[in-house]
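Subject: Structure handover

Hello,

Here is the structure for you to take over. My notes on what was found in it follow below.

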Amino acid sequence: PTRGVQFFAFEQFKKQLVTWKRAGMGLTDEDVDVVIRLNPIERLVAGGFAGMIASSMVYPIEVVKTMLTMYPGKYAGIGAAFRGVINEVGPKGLYAGLGPTLIAMFPYVGVEFMIYETSKIFVESMMAKNAEENGEIAVALPIIVSLGLGALAGAAAQSSAHPLDVIRKRLQVQGINGNPVLYKNTIDCFAGVASKEGFGALYKGLGPACVATIPGTGIAYITYEFMKKFLQLSSV
């Protein structure tokens, strides 16, 4: 559900930003001929808040996924992992690392949406300009281009937020399965990892993370564009 919530919240935040900009310009509902455009920073902000909302809703599932990945065989399934976390560290364990996750989600999802939509608008404008110069009818953005733009956005987003993802996982596993509790909070964990292991430790696993993220992100945006056309939905 994370992607669905992200896309839905992103569109709603964008619409709200457009409403505020129209009100600030003194425009009314009758001024339908005035088109309001969002700049890249506004798209980043809308995407950032959308990412934070989506992460907050599904975070306990993310914790359980981490447990099942790091300790294969210890839990019989998702339900057992839920119970195991609660029994070992209490209900608060299902939200361990939520702070850095929310902080990371703002630049992660914000950068992803900003790069994708800004790049898409630029490519579409170039295609429309070329079609006009050649006396042709402008065509929709090809699927392969959407895939490429989505992959680019995903790689940039993963790189920007990877250190906080490392911190999140460190906080999630401490106190579980005999792991010592080393850090008090996000800042303490960040400083501790950087001082003991070096700043390079904050980027461990970046390559595999990008490899895992890029295909999924590209496909997500292809599906996003297809569903907008299928449902005849517009975007700002």
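A salt bridge here is a side-chain nitrogen of Lys or Arg within 4 Å of a carboxyl oxygen of Asp or Glu. The side chains of E197 and R170 meet that rule, with N to O at 2.9 Å. This pair links distant parts of the chain, since E197 is in helix α6 (residues 186-197) and R170 is in helix α5, 27 residues apart. E197 is partly exposed, at 37% relative accessibility, and R170 is also partly exposed, with a relative accessible area of 25%. Please keep in mind that this is a predicted model.

Overall layout

The C-alpha trace spans about 70 × 40 × 35 Å along its principal axes. Of the 236 residues in the protein, 41% are buried.

The C-alpha atoms of I144 and V89 are separated by 46 Å, and the two residues are 55 apart along the chain. I144 belongs to helix α5 and is exposed, with 62% relative accessibility.

Other salt bridges

How many salt bridges does the rule give? The count comes to 13. One of them joins the side chains of K21 and E42, at 3.2 Å from N to O. K21 lies in helix α1 (residues 2-24) and E42 in helix α2 (residues 40-70), so this pair ties together parts that are 21 residues apart in sequence. The two partners fall into separate accessibility classes: K21 is partly exposed, at 24% relative accessible area, whereas E42 is buried, at 18%. The cut-off for buried is under 20% relative accessible area, and E42 is counted as buried because its 18% falls under that limit.

A further salt bridge is formed by D165 and K169, whose closest N and O atoms are 3.8 Å apart. Both residues lie in helix α5 (residues 143-173), 4 residues apart, which is about one turn of the helix. K169 is partly exposed, with a relative accessibility of 39%.

As noted above, R170 in helix α5 pairs with E197 in helix α6. Elsewhere, salt bridges that share partners join E11, K14, R43 and E117 into one network.

Helix α3

Helix α3 (residues 78-89) has 12 residues, and at 1.5 Å a residue it should span 16 Å. Its end C-alpha atoms are 17 Å apart, which agrees.

Which residues of α3 are buried? They are A81, G84 and V85. These residues cover an arc of only 95° around the axis, which puts them on the same side of α3. An α-helix has 3.6 residues a turn, so residues three or four places apart point the same way. The face of α3 turned away from the buried side carries R83 and N87, which are exposed.

Cysteines

The structure holds 0 disulfides. A disulfide is a covalent bond between the sulfur atoms of two cysteines. As for individual cysteines, C189 is buried, with 0% relative accessibility. C210 is buried as well, with a relative accessible area of 14%.

The end of α7 and the segment after it

Which residues make the nonpolar surface patch? F226, M227, F230, L231 and L233 make it, and its area is about 530 Å². F226 is in helix α7 (residues 206-230). With a relative accessible area of 51%, F226 is exposed, since exposed means over 50%.

Q232 is in the segment after α7. Its phi is near 55°, a positive value in a residue other than glycine. Q232 is exposed, with a relative accessible area of 74%.

Regards

Technical notes:
Residues are numbered from 1 along each chain as its sequence is written. This is a predicted model: local features need pLDDT of at least 70, side-chain atom pairs count only at pLDDT 80 or more; totals for chains, interfaces and linings use all residues. Side-chain values use heavy atoms; hydrogens and water are left out. Patches are made of residues with over 30% relative accessible area and no salt bridge: like charges are joined within 9 Å, nonpolar side chains (Val, Leu, Ile, Met, Phe, Trp, Tyr) within 5 Å. Accessible areas come from the Shrake-Rupley method with a 1.4 Å probe; for residues, only the protein chains shown count as cover. Helices (H or I, at least four residues) and strands (E, at least two) are DSSP runs, numbered from the N terminus. Buried means under 20% relative accessible area, exposed over 50%, partly exposed in between (1.4 Å probe, protein chains only). A disulfide is a pair of cysteine sulfur atoms within 2.5 Å. The expected span of a helix is 1.5 Å times one less than its number of residues. The arc is that of the directions from the helix axis to the C-beta atoms.
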